[in-house]
Amino acid sequence: MLLEVQASLRYFGGLQPLLQRLKLALAPLGHRLHIVSASTALGAALLARMHANLHCADLAATQRALLAGPVWLLGPGREHWDALQGMGLVTLADLHTVPRDGLARRFGEVVLSELDRAMGNRPDPREPIALPPAFDSRLELFARADTTEQLMHGAGLLLARLVAWLSAQHAFVRRFTLLMQHEKRSRRCHRG
């Protein structure tokens, strides 16, 4: 998930307090977090594939971190990895030094486009996420639940998702329905 937070940093008291609030809000959902801040959206997304916790203060720091990264960070770089590696192009810094015309002819313009958007040399407009008008979430338990505690853990995750959705919508709820379904039993169990 990409967040544009620059305009909100003063409100939250800086980057670190904002990150603490974000971690606390996401903790009940049980996600593993890779939080990276960078000057470009694509740069942050690519760096999050390599780092669990990296904060680039400006565009120059973002570019340095990206140039140290492997070529496979770029989507097109993954499909051409063998050819790029055979040419001695292992890092994005290596890719950045090769003449652009030859790279575009050999691997397509999309490699250069993605590199330029990550480095901040080309605009990278994003479509905002549109939340659904109604909340609906499902959770399939990985194993059979034999205790109330196991069921309550699953219900707690669903409620945490509901709270996150409500917060994003700036909404509240008067009532909700929690529907639990049993697994279908085989016919052998019914005969027993």
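**Aromatic pairs and helix packing**

Mentor: With a relative accessibility of 30%, Phe135 counts as partly exposed, since buried means under 20% relative accessible area, exposed over 50% and partly exposed in between (1.4 Å probe, protein chains only). The model is predicted: local features need pLDDT of at least 70, side-chain atom pairs count only at pLDDT 80 or more, and totals for chains, interfaces and linings use all residues. Residues are numbered from 1 along each chain as its sequence is written, and side-chain values use heavy atoms, leaving out hydrogens and water.

Trainee: Is Trp165 buried or exposed?

Mentor: The relative accessibility of Trp165 is 15%. The cut-off for burial is under 20%. Trp165 therefore counts as buried.

Trainee: Is the pair of Phe135 and Trp165 stacked, edge-to-face or tilted?

Mentor: Rings of Phe, Tyr and Trp (its six-membered ring) pair if their centres lie within 6.5 Å; planes under 30 degrees apart are stacked, over 60 edge-to-face and the rest tilted. The ring centres of Phe135 and Trp165 are 5.9 Å apart and their planes stand at 50 degrees, so this pair is tilted.

Trainee: At what angle do helix 3 and helix 9 pack?

Mentor: Helices (H or I, at least four residues) are DSSP runs, numbered from the N terminus. Axes are lines fitted to C-alpha atoms over the stretch in contact (heavy atoms within 4.5 Å), with angles from 0 to 180 degrees between N-to-C directions. The axes of helix 3 and helix 9 lie 6 Å apart, and the angle is about 100 degrees.

Methods:
Helix = DSSP H or I, 4+ residues; strand = E, 2+ residues; numbered from the N terminus.
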